[in-house]
Amino acid sequence: MTGLTRTLRHADEACTAVFDHAFAPGINPWRHLGAMAFLCLVLAVASGIVCYTLYDTSVTGAYQSGLRLQNDTLLLGRLLRGLHRYGADACLLLTLLHLLREGLRGHYSGVRWFSWLTGVPLLWLLWMAGLTGLWLLWDARALLSITVTAEWLQALPIGAELLARNFLTPEALNDRFFSLIMFIHIGVPLLLLASIWVHVQRVSRVRMWPPRALLLSTLTVLSLLSMVLPASSLGVADFSHVPQTVSLDWFYLFIHPLVEAFSAATVWWGVTVFTLAVAALPLLRSHRDVVRSAAQVDLANCNGCSRCVADCPFGAVTMVARTDGTRYRVQASVNPDLCAACGICVGACPSSTPFRRIEDMVSGIEMPATPIAPLRRELQKKVSSLSGSHKIVVFSCRQAGNCTSLANASTAVVELECAAMLPPSFIEYALRMGASGAVVAGCREADCEFRLGDQWVKERILGAREPYLRASVPRERIALSWSGRDMLDVSATISMLRAQVSTLDGVHPSPH
Ligand code: HEM
Ligand code: SF4
Ligand code: SF4
């Protein structure tokens, strides 16, 4: 990790921590920006469909339709218009924040390059949908925006004449033009929904919707906003007088002040450079490195149980027909292009158990860079060299902080690519070897660098997900620390567990 990416990750963690203080980690909106953007988009589309049924889609009727909704005495029109407008505004804001967060976390490269690249056009599709929506109001702001946009488009070397003829004369702003805008305003969001489907294709178990509490509070906030600050139109569009100043919608009309402050050509350059720079970010880090260390299946140890498929966060493993003529029907197969080399599949595989008697044990699925046999040897060596009466083993995730600094005479640290790479049987093994307790330390809760690691660790230890940690293993000797880079917090968890096991050992003679 370079200094810059480390700093950016720190910035993200700091931001996450701020929100964690205000919300519980599970409903921290900073963690659900993509899902919240999707919710707001669906809200805008759904309210838009209802608006459409109540709308007169002609140049002469459009403005009155807007006013009718705005002045509805039952306030339902106001709610509908507000949800449509503020839903669209929130969607753009949340999408930008989602982009910022994924960027801070370095999620533009590796296996995520696909989600990143397919995210870039979403931004501009969203903007087009919002811009054309404001035009449909056919008020003074719409007229100014259409005029300024047409002038901006004219700066393009191609079709300037055509644009001037079709946009900039009062005769051109007729019902046909209006139908075209309506077609774009309806078609682009549909294209957007289809593109979002593509955007999340390489992520398994996608969290499309925010948690219920967040979903309900978003709907409540947007509804209240619609009532308190009604979305309204300005005066009707008047072709004889294009206003020079109107109040702007800063979400979708931001380009106009930019064109005014600089020039149409400069803004084109700015937009193009920004888009290309964002789209080119995946080139910054080598994708080949990740491919080289992708998980590999060892058929001699694969029984076709498909647990690796269930746990892989990126859909990189599939079950295919058996090729080695054994009695099993299927075998695991890894697509290296999709593999993030997180090792979570190793933690899921039943043949990763350290209790096997084979000297050079091999798992059904292995990370070539960090195979399971040396991990067992490392654990054996480190636990046997511990001294003191309350020995603690820390299984720490390399994506979180560097826990090796916490190792001392009575604390051993075993590093893993992801906390969920740990087969739960390794915890039992460590305790049987003489450790008094085990800490599993990883990224902040619900913020696993590999998406699902913390969830799988918790479920495996609770016995809710295979491979289970056996019921006979004393849970009071295990602590989980979702502290990210906060080493003080991990250290506090180790001290807490040490105090806890010392009480246990004080009451009962140590079982080890
Ligand atoms: C309408 C706009 C967008 C919506 C609704 C949206 C929604 C989502 C959702 C629901 C996920 C899956 C999250 C999960 O389950 O972990 C996701 C992932 C992702 N999105 Fe977006 N997104 C949008 C735009 C963008 C943009 C503009 C970018 C960046 C250019 C982007 C980058 C990513 C990346 C890198 C991931 C993968 C995250 C991971 O694997 O942990 N998205 N998006
Ligand atoms: S979890 Fe292991 S044994 Fe099961 S299918 Fe995957 S590689 Fe094979
Ligand atoms: S290493 Fe991670 S991404 Fe690769 S196959 Fe295993 S679980 Fe999936």
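**Close-up views of a predicted model**

Figure 1. His84 is found in helix H4, shown here in a predicted model. Is His84 buried or exposed? His84 counts as buried because 24 C-beta neighbours lie inside 10 Å, where 20 or more are required. Leaving aside residues up to four places away in sequence, His84 touches Ala44, Ser47, Gly48 and Cys51. The C-alpha atom of His84 is separated by 33 Å from that of Glu13; along the chain, these two residues are 71 residues apart.

**Figure 2. Helix H1 and its buried face.** Helix H1 comprises the 20 residues 3-22. At 1.5 Å a residue, H1 should span 28 Å, and the 29 Å between its end C-alpha atoms agrees with this. Asp12, Glu13 and Thr16 are the buried residues of H1. Seen down the helix axis, these buried residues fall within an arc of 105°, and they therefore line one face of the helix. An α-helix has 3.6 residues a turn, so residues three or four places apart point the same way. Helix H4 (76-104) is included in what covers the buried residues of H1. On the other side of H1, the exposed residues are Gly3, Leu4, Thr7, Ala14, Val18, His21 and Ala22.

**Figure 3. Strand E7, enclosed on both faces.** Strand E7 spans residues 437-442, and six of its six residues are buried, so the strand is largely enclosed by the rest of the structure. Which residues cover the two sides of the account of E7? Gly437, Val439 and Ala441 are buried on one side, and Ala438, Val440 and Gly442 are buried on the other.

Figure 4. E7 pairs in the parallel sense with strand E5 (residues 392-397) over five bridges. In this pairing, Val393 stands opposite Ala438 of E7. E7 also pairs with strand E8 (residues 478-482), again in the parallel sense and over five bridges. Here Ala441 has Ser481 of E8 as its bridge partner. What handedness has the β-α-β unit made by E7, helix H17 and E8? The unit is right-handed, with H17 formed by residues 453-462.

**Figure 5. Strand E6 beside E5.** Strand E6 (residues 411-416) is mostly covered, with five of its six residues buried. E5 and E6 run parallel and are joined by six bridges. Ile392 stands opposite Thr411 in E6.

Figure 6. The domain assignment divides the protein into domain 1 (32-237 + 249-284) and domain 2 (290-507). A distance of 45 Å separates the C-alpha centres of domain 1 and domain 2. The contact takes six residues from domain 1 and nine residues from domain 2.

**Figure 7. The whole protein as context for the close-up views.** The secondary structure of the protein comes to 18 helices and eight strands. Taken along the principal axes, the C-alpha atoms fill a box of roughly 90 × 50 × 45 Å. Of the 512 residues, 39% count as buried. Among contacts between residues at least 6 apart in sequence, 73% join residues at least 24 apart.

Definitions and conventions. Residues are numbered from 1 along each chain as its sequence is written. Chains are lettered from A and ligands numbered from 1 in the order in which they are written. This is a predicted model: local features need pLDDT of at least 70, side-chain atom pairs count only at pLDDT 80 or more; totals for chains, interfaces and linings use all residues. A residue is buried if 20 or more other C-beta atoms lie within 10 Å of its own, exposed if 12 or fewer, and partly exposed in between; C-beta atoms are placed from the backbone. Helices (H or I, at least four residues) and strands (E, at least two) are DSSP runs, numbered from the N terminus. Two strands pair if DSSP finds at least two bridges between them. A crossover is right-handed if, with the strands pointing away from the viewer, the path from the first strand over the helix to the second runs clockwise. The expected span of a helix is 1.5 Å times one less than its number of residues. The arc is that of the directions from the helix axis to the C-beta atoms. Two residues are in contact if their C-beta atoms, placed from the backbone, lie within 7 Å. Domain bounds come from an automatic or database domain assignment.
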